[in-house]
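Subject: The two-chain structure, and what turned up in it

Hi there,

Here is the structure I promised to send over. Have a look at it first, and then read on for my notes.

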Amino acid sequence: MFIIMVGLTFAAFGLLFGFAFGWLLHRGKVTDYNVIIDQFLLRDFTVLKVMLTAIIVGGVGVLALHQSGWANYHIKDANLLAVGLGASIFGVGMVIYGYCPGTGLAAIGTGSIHALVGAFGMITGGILYALSFDWMQAHVLAVWRFGKVRLPDLTGIPDLVWFIGLTAIATAFFVFIERHTVPPHLRRSPR
Amino acid sequence: MVTHTSDLSYSLSYSHTVDWSPYLAGAGIGVLSWIVFAVVDQPIGITTALSQLSAGAAIPFLGSDAVSANSYWAGNPFVLDYGVIFLAGTLLGAFASALLSRRFHIETIPSVWRERFGPSVAKRLSAAFLGGILTMFGARLAGGCTSGHGISGGLQLALSSWVFLAVMFPVGIATAHLTFQRQA
């Protein structure tokens with residue numbers, strides 16, 4: 001059943017891009033359980049700094065690639081009941097686990113035993129979701145379904161205006177944060 | 001094998017090169033997204049590939065036929081593809097970074113957890129397992145996680161992904177305050 005579906009090139013790309021992603025997550029400190037919990041306790045804004053910077057830098061570049069025909073968009077369905085419910089369960093789960101799926105896998109590489117145990121939990125969660133999929137499809141996934149919509153299409157506000165606005169808000173927010181907070185992980189002794 | 005230097009100035013300057021600014025790491029992930037979108041024509045994501053692995057893990061329990069017949073796994077079959085190899089790469093990349101920065105350490109109970117819930121290993125590992133179940137279930141129901149929705153969907157200005165972010169963060173903040181802050 002375990003079929004090698006990809007050529008060697010794609011396998012190499014998977015390893016290379018995954019490696020870079022894991023490396024960046026660790027250098028950005030978001031593989032640290034304490035940093036993630038402190039974000040949700042609003043004591044350390046490292047997670048938001050990493051994510052919003054990635055969204056803005058990534059978004060402007062992918063927009064340019066898309067407009068010059070070098071990249072396609074891959075938009076997820078806006079079935080908003082499922083997204084809302086799923087995001088709520090995810091928010092609770094992420095605080096109890098202390099990681100999200102990507103940072104959890106990366107944290108295993110840094111020696112986190114509890115991240116590894118939680119990864120087995122994620123595999124179990126994947127099995128439970130697959131078993132409940134038919135029910136979800138009948139009762140949840142079809143509710144408030146708006147399709148693969150992008151905010152610029154929905155609002156008529158152009159992409160670039162969104163990114164300028166996001167950059168302005170993020171800059172103002174982070175200037176404020178840098179002036180008024182010292183992340184606890186910078187006060188803790190590095191390990 | 002980790003050797004610690006007692007030379008403070010060395011360890012300070014060394015730690016400076018190891019501790020990237022979160023903005024630099026975020027920008028790095030953004031640039032990585034450009035490359036991934038252009039080269040493999042798919043966004044960075046984790047839980048689609050994880051659900052393929054859960055199909056493999058379910059085979060001993062449910063049987064190969066039941067797994068093949070499942071309508072969800074029909075779309076996310078147990079195959080070793082780019083996405084699954086990406087997961088291995090993520091683990092290895094963090095491992096290499098931790099090793100080279102001398103930050104690799106076996107951690108069972110992190111300090112923020114210990115301060116609130118004490119030194120019980122069983123308690124922490126049970127919570128991690130339960131949290132892992134909820135995290136994955138929620139991600140699959142929503143259609144993605146902090147990577148697939150949060151970063152990749154967010155940077156494409158997808159409605160679904162911004163709804164995910166707008167719900168996930170407040171719920172996480174509320175959960176953290178309810179569970180981690182001791183009642184006065």
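A definition to begin with: a residue is called buried when its relative accessible area is under 20%, exposed when over 50%, and partly exposed in between (1.4 Å probe, protein chains only). Please keep in mind that this is a predicted model, in which local features need pLDDT of at least 70 and side-chain atom pairs count only at pLDDT 80 or more, while totals for chains, interfaces and linings use all residues. Residues are numbered from 1 along each chain as its sequence is written, chains are lettered from A and ligands numbered from 1 in the order in which they are written, and side-chain values use heavy atoms, with hydrogens and water left out.

Salt bridges

The whole structure holds 4 salt bridges over all chains (a side-chain nitrogen of Lys or Arg within 4 Å of a carboxyl oxygen of Asp or Glu). One of them joins A:E178 to A:K49, with the closest N and O atoms 2.9 Å apart. A:E178 sits in helix α8 (residues 159–180) of chain A and A:K49 in helix α3 (residues 46–67) of chain A, so this bridge ties together parts that are 129 residues apart in sequence. (Helices are DSSP runs of H or I, at least four residues, and strands are runs of E, at least two, numbered from the N terminus.) A:K49 is buried at 3% relative accessible area, whereas A:E178 is partly exposed at 40%.

A:D77 and A:R145 form another salt bridge, at 3.4 Å from N to O. A:D77 is in the loop between α3 and α4 (80–97) of chain A and A:R145 in the loop between α6 (113–139) and α7 (151–155) of chain A, 68 residues apart. A:D77 is partly exposed at 24%, and A:R145 is partly exposed at 47%. In the bridge between A:R150 and A:D159, the N to O distance is 2.5 Å, and both residues are buried.

Between the chains

How many residues of chain B are in contact with chain A? The count is 120, and they touch 122 residues of chain A (contact means heavy atoms within 4.5 Å). The buried area between the two chains is about 11000 Å², with 76% from carbon and sulfur atoms; buried area is the accessible area (1.4 Å probe) that two parts lose on being put together, summed over both. Across this interface the rule finds 0 salt bridges. Helix α2 (residues 22–40) of chain B gives the most to the side of chain B that touches chain A, with 18 residues.

Aromatic pairs

There are 19 aromatic pairs over all chains. Rings of Phe, Tyr and Trp (its six-membered ring) pair if their centres lie within 6.5 Å; planes under 30 degrees apart count as stacked, over 60 as edge-to-face and the rest as tilted. A:Y129 and B:Y72 make an edge-to-face pair, 5.0 Å centre to centre with 90° between the planes. The pair crosses between chains, from helix α6 of chain A to helix α5 (residues 71–75) of chain B. A:Y129 is buried at 1%, and B:Y72 is buried at 7%.

Within chain B, B:Y82 and B:F86 form a tilted pair, with 6.1 Å between centres and 50° between planes. Both lie in helix α6 (residues 82–100) of chain B, 4 residues apart, about one turn of the helix. B:Y82 and B:F86 also belong to one aromatic cluster with A:F10 and A:F21.

Best wishes
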